[in-house]
Amino acid sequence: MESSTIAISVFVAWFALFLLVIPVLQRRQVRKHVTRKGGTVLEIRWKPFLSWVHERNTKRWDVTYTCSCGQALKGVLQTSLFTGVKWVEGPRPQEVASLQEGPVHSHA
Ligand SMILES: [Zn+2]
């Protein structure tokens with residue numbers, strides 16, 4: 001194999017990793033995070049431009065989900081290669097366990 005062919009292959013591999021593989025994995029992390037908190041994910045949308053304004057190596061996701069109490073809500077989550085998933089904006093889902101104690105519905 002010529003060295004230029006190798007260079008192109010390496011480039012394509014990195015390109016695929018950063019634009020295809022990592023976003024798919026992080027989207028899955030976001031879904032898992034919301035589900036673990038008691039929400040049911042309806043839609044996850046990547047916010048590509050805003051992400052770069054904030055921090056490098058992080059992505060922000062608009063998430064529409066149904067809380068365990070049945071209310072449809074929207075939140076913004078951030079994923080990072082190093083620190084995992086973090087809730088950035090919007091109401092968090094209320095966990096099923098705390099729902100049984102009464103309808104406390106602040107979602108703060
Ligand atoms: Zn709720």
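View 1. The bridge partner of W61 is L77, which lies in β3. Strand β2 (residues 58-66) and strand β3 (residues 72-80) pair in the antiparallel sense over 9 bridges, where two strands count as paired if DSSP finds at least two bridges between them. The model is a predicted one, in which local features need pLDDT of at least 70 and side-chain atom pairs count only at pLDDT 80 or more, whereas totals for chains, interfaces and linings use all residues. Residues are numbered from 1 along each chain as its sequence is written.

**View 2. The open sheet.** Four strands form an open sheet in the order β1-β2-β3-β4, with antiparallel pairing. At its edges are β1 (40-46) and β4 (84-89), each of which pairs on one side only. From one strand to the next, the twist averages 35 degrees, angles being taken from 0 to 180 degrees between the N-to-C directions of axes fitted to C-alpha atoms, for helices over the stretch in contact.

**View 3. The helix against the sheet.** Helix α1 (residues 3-36) packs on the sheet and touches β1, β2, β3 and β4, two residues being in contact if their C-beta atoms, placed from the backbone, lie within 7 Å. The direction of helix α1 makes about 145 degrees with that of β1.

**View 4. The elements in sequence order.** Read along the sequence, the protein follows the pattern α-β-α-β-β-β-α, and its secondary structure comes to 3 helices and 4 strands. These elements are DSSP runs numbered from the N terminus, with helices (H or I) of at least four residues and strands (E) of at least two.
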